[in-house]
Amino acid sequence: MLILRLAIFVASLVVVVQSHVPNIWEAKPFHHMLSLVQPDPVVLNYHRGPLLKGNVTVHINWYGNFTPIHRSIIVDFIQSLGSIPHSRHHPSPFSWWRITARYRGGPRTLTVGNQTLDNTYSLGKSLKTSHLLALASKNSAPTTRSNANAIHVLLTSADVAVDGFCMSRCGTHGSGRVAKRRIAFAWVGNPVTQCPGECAWPFHQPVYGPQTPPLVPPNGDVGVDGMLISLATVLAGAVTNPFGNGYYQGSVTAPLEAVSACAGIFGKGAYPGYTGNVLVDNVTGASYNALGLHGRKFLLPAMWDPVTSTCKTLV
C-alpha cells in the first residue's frame, strides 16, 4: 500500500552536500517536490554512526533582528522539549520529543546553553553556506568534551538572505570541524517576508498545491511559528542522524530522517494539503497540538517511531 505524503519545507527530501563546506542535510521547501510516495511502513535504518544522547545542550546564535518576544517564544519551545509538563492531560512538546528516546541510545534531554546576539549582522545580510558553521559555532568550546554533546543553532532573521533559502532550503542541520573537533550544528531562517508560502505552511497559503485556508499560528507570528516547525525538524534530525551515519531511510545522498520521513502530517487523518486533525484554541482560533511552558502552544510535525515503524502524531 502506498501513502502519498505532502513534502513541505520541513518534511521533504534531505540532501547531503559534499563540498568544501561542512556536511549538511537540507530540508527542501514546498515547491521542490510537492509530494512523496513512500512504502508503508517507512523504516529508518540505523547506519552504526554516533548519535547525540543523554543531556544535549542547544547553543543559539541569534543573527539579525529578533525581538525579545521572538526569542522568548523560541527559547520556551526548546525548554519545553526537555521539561516534564505539570499537566499530563494535554499533549506536550516533551511527549513529542520523548519519541527520540526510542532510538538507539535512550533518552535525550535538551537544555538551552549559551546565547549570542549578533544584531550588527557581523557577516552582512547575505550569507553563504560556508558562513553557517562559523556563525553557529560562535558559542562552541571546542576544547571541552561537553561540546561534543551539543547542537550549535544559528537562527537568521527575516531580513537575512542565505544561499538557497526559499529556493532550495528552509533549514539545515549538519556537522563540521571547529578547532579539530567535530560538532553538530543547525540553521533555520525566518521566512515571513521572503517566502511564507514556501517555508511557513500551514500558517500561510502555499505557493503550489492544494489551496486550503492557512491555519492561525499559535503564537500569533507566521514567521516564528513557521520557524518552530523547521527547528523541530532539524533538532530531531540532529540527534538521530548528527553526522550522516545515524538513522535515515534511502540513499545517503537523499535520506529521509526522523521528521522528514513523515511529510506534511500534524494530526490524524492528514493528506496532501491538509495537516490532519489538530486542536483549536477557542479564544484565538489558533491551531496547535502541543501545550508547553508558560502556556505556550505549538504545532509540531509527526515523528517516526522506531518501535512501531509509524509516523506518530500528538493528536
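1. **Ground rules.** This is a predicted model, with local features requiring pLDDT of at least 70 and side-chain atom pairs counted only at pLDDT 80 or more, while totals for chains, interfaces and linings use all residues. Numbering runs from 1 along each chain as its sequence is written, and side-chain values use heavy atoms, leaving out hydrogens and water.

2. **Confidence.** pLDDT is the predictor's confidence in each residue, from 0 to 100. The chain averages 86, and 84% of the residues score at least 70. Residues 1–21 are below 50, yet this stretch has 106 contacts beyond near neighbours in sequence (contact: heavy atoms within 4.5 Å). Residues 32–39 also stay under 50, with 32 contacts beyond four places in sequence. Where pLDDT is low, the predicted coordinates should not be read in detail.

3. **Helix H5.** Helices (H or I, at least four residues) and strands (E, at least two) are DSSP runs, numbered from the N terminus. H5 covers residues 222–240 and has 19 residues. Its first and last C-alpha lie 28 Å apart, close to the 27 Å expected at 1.5 Å a residue (1.5 Å times one less than the number of residues). Of the 19 residues, 18 are buried, so H5 is largely enclosed by the rest of the structure. Buried means under 20% relative accessible area, with a 1.4 Å probe and protein chains only. Aspartate 221 caps the N-terminal end: a side-chain oxygen sits 3.1 Å from the backbone nitrogen of glycine 223.

4. **Disulfide count and pattern.** There are 3 disulfides (cysteine sulfur atoms within 2.5 Å). Counting bonded cysteines along the chain, the pattern is 1-3, 2-4, 5-6.

5. **Cysteine 166 to cysteine 195.** The S to S distance is 2.0 Å. The S-S torsion is about -70°, so this disulfide is left-handed. Cysteine 166 is in the loop between E10 and E11, and cysteine 195 in the loop between E12 and H4, so the bond ties parts 29 residues apart in sequence. Both cysteines are buried.

6. **Cysteine 170 to cysteine 199.** Here S to S is 1.9 Å. A torsion of about -65° makes the disulfide left-handed. Cysteine 170 is in the loop between E10 and E11, cysteine 199 in helix H4, 29 residues apart. Cysteine 170 is buried at 1% relative accessibility, cysteine 199 at 2%.

7. **Cysteine 262 to cysteine 311.** S to S is 2.2 Å. The torsion is about -90°, so this disulfide is left-handed. It joins the loop between E13 and E14 to strand E19, 49 residues apart in sequence. Cysteine 262 and cysteine 311 are buried.

Definitions and conventions:
Buried means under 20% relative accessible area, exposed over 50%, partly exposed in between (1.4 Å probe, protein chains only). A polar contact is a pair of N or O atoms within 3.5 Å; within protein, one must be able to donate a hydrogen and the other to accept it, and residues adjacent in sequence count only if both atoms are side-chain atoms.
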